Amino acid sequence: MEVSLGATLTKDVSKARLNWLTKLEKCADAFLRGYSTLLYFILYAPSLVLVVLSFNKSFTMTLPWKGFTVHWYEALFRDADVAISFKNSLLVALLTMSISTVLGTLCALGMRRRFRGSKWVYQLMLLPLVTPGIISGISVFLLFTHFSIMPSLFGSVLAGHIVFALPYVFLVVYARVQALDPRLEEAAMDLGANETRTFFHVTLPLIMPGVLGGMFFSFLLSFDEFIRTFFLSGGERTLPMLLWGMLFDVLSPEVAALATVMLFTSIGLLLIAQYWMRR
Amino acid sequence: MLNQKRIRHPMSYLTWLVTPACVWLLIFLVLPMLIVLVYSLWESTITGIHPMWGLQNYKRFFEGTLYVGLLARSLSTAIFVTILTILIGYPVAYFVARKAGRHKTIYLILVLVPFWTSYLLRNFAWMPVLGTQGVLNKLLVGLGILAQPSPVFLYSKLAVYIGFVHTLLPYLIVPVYVSIEALDPRLIEAAKDLGASKIRALLHITVPLSMPGIISGSIIVFVNVAGAYVTPKLLGGSSGIMYGNTLADQFSATYDLPFGSALSLILMVFVVLGIGLLNRFASVKGLYGG
């Protein structure tokens, strides 16, 4: 009697405890969900404010809301400075993309097999990731001044941007190269394809998602890069440089419009990249 | 017995393909660092830069409290922001990796978007929010919490911290997410079968095994804060100056290249030290977790 009562009691208690634990877990999960949602909101809120303010019929970039207008976008598209800076940004980003994609892809292919010193090459490729942008910018600036070469968009800026973008291209392509199944290439060669044919018809298509990812990432990194350009452009302006110059003046909604355009350029490209890489 | 190593793959000459990338990095990353080292040992006078070898620039750095203090402040801010980012970001990464269910891809893309959008833009976005005429003030006055708009939010230490954490969070969340995602769920099942509660499994399995992600995220955050220029300049005001701003001034305002080079090199040494410490921490934790 005594024993069975004790057993039931223990059972009840443990059941209640389990019940309570499940409830606590559910509570924790709900809390985690709420917390994450809030954080996502905070992550996006300031950018959303910018977008809203860029449509405001006001002369300063502030609330209250005075009505909807696209005037600031019209002003932006009429602005010659914006056009030049946009062209500069685009050209530098395209060149950075082309060169760093080629260099990074070649390097990832070369690293397919371990060789003497491959560890060092790997460390060198990751070095830009741990170098503060400011130091990277300053040091390339010194390199150019030391050899009396004028800093320019397609000289020093391009050089610095490629250093910055290379590790990203290398890493995405390298992941693909490591996952390559050599038997596929061997099969192609057994069937009579030569090395060139095998490379273009088997190897390259297999690593293509990585290469495309690398292209997009290097383009975006260059398009948005500020601090390296700041030291290396020698007065020539890219979009981030133009935006920077505007920030120390009275902020008009035109600045918000410029920021919105930059924001959606990045988002658009990113979504295309996601779509392409998934295929 | 045949020596396996002697059999060369037909495409082993492909190894040479690493050369162009390596040469580029040697010319535009390693060589410039060496030039920084050389310049830091030279001297700048009114008549220009002279190759007078010596430690005068380093002496100037360590003489007063000005530069040492700036460095200490930047490094302590970097450590503080890194810890704060881990504490704030880890639960989100965990949520996306384990609890987001079928919306996982959307949550992931939503954290990747800020990852790939302009750092400058995401800093500047706080200006119309925190300013005296900003949205936050309008909101607080509207709700009756404040009697009149307060100028304390923008150009303050708080604004700098907000800017850092906000812009750097994605760089932490993404690698942590990847490492939680890569974790074998059977390990957690095993822990639970052995009687561990969910919390215990989280603290003893998930967190230690996601250490590599935490460390690589922390390195990015630490490096960015230690050398920060944009965030303190935009959100910190005149009192929020950090090491990166003083460093940049040597190249854009006072034009003292040798002293600026010394400042760069000192920062680089401390950044490398910081990364080394973080990595050491990772390997210790790895032993513990594995």
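The structure is a predicted model, in which local features need pLDDT of at least 70 and side-chain atom pairs count only at pLDDT 80 or more, whereas totals for chains, interfaces and linings use all residues. Residues are numbered from 1 along each chain as its sequence is written, chains are lettered from A and ligands numbered from 1 in the order in which they are written, and side-chain values use heavy atoms, with hydrogens and water left out.

Chain B contains 14 helices and 2 strands; helices (H or I, at least four residues) and strands (E, at least two) are DSSP runs, numbered from the N terminus. Its C-alpha trace spans about 80 × 75 × 30 Å along the principal axes. The radius of gyration of chain B is 24 Å, while a compact globule of 290 residues would have a value near 19 Å; the radius is taken over C-alpha atoms, and the globule rule is 2.2 Å times the number of residues to the power 0.38. Of the contacts in chain B with a separation of 6 or more, 67% are accounted for by residues 24 or more positions apart, a contact being heavy atoms within 4.5 Å.

Within chain B, the axes of helix 3 (residues 66-99) and helix 11 (residues 211-226) come within 9 Å and cross at roughly 140°. Such axes are lines fitted to C-alpha atoms, for helices over the stretch in contact, and angles run from 0 to 180 degrees between N-to-C directions. Helix 3 of chain B and helix 11 of chain B are therefore oblique to each other (angles under 35 degrees count as roughly parallel, over 145 as roughly antiparallel, 65 to 115 as roughly perpendicular and the rest as oblique). The crossing of these two helices of chain B is right-handed, that is, the near helix is turned clockwise from the far one by less than a right angle. Residues of helix 3 of chain B in this contact include B:Ser74, B:Ile79 and B:Tyr90, and those of helix 11 include B:Ile214, B:Phe222 and B:Ala226. The residues of the contact of helix 3 with helix 11 of chain B comprise 11 nonpolar, 5 polar and no charged; Ala, Val, Leu, Ile, Met, Phe, Trp, Tyr, Cys and Pro count as nonpolar, Asp, Glu, Lys and Arg as charged, and the others, Gly among them, as polar.

Chain A has 11 helices and 0 strands. Its radius of gyration is 27 Å, well over the 19 Å that the globule rule gives for 279 residues, so chain A is more spread out than a compact globule. Buried residues account for 49% of the 279 residues of chain A.

In chain A, helix 3 (residues 80-110) and helix 8 (residues 195-224) have axes that come within 8 Å and cross at roughly 140°. The crossing of helix 3 of chain A and helix 8 of chain A is right-handed. The residues of this contact in chain A divide into 13 nonpolar, 9 polar and no charged.

Positive phi values occur at two loop residues described here. A:Ser148, not a glycine, has phi near 55°; A:Ser148 is in the loop between helix 5 (133-146) and helix 6 (153-178) of chain A and is exposed, at 67% relative accessibility. B:Tyr255 likewise has a positive phi, of about 55°. B:Tyr255 lies between helix 13 (243-252) and helix 14 (257-289) of chain B and is partly exposed, with a relative accessible area of 47%.

Note on methods
Buried means under 20% relative accessible area, exposed over 50%, partly exposed in between (1.4 Å probe, protein chains only).
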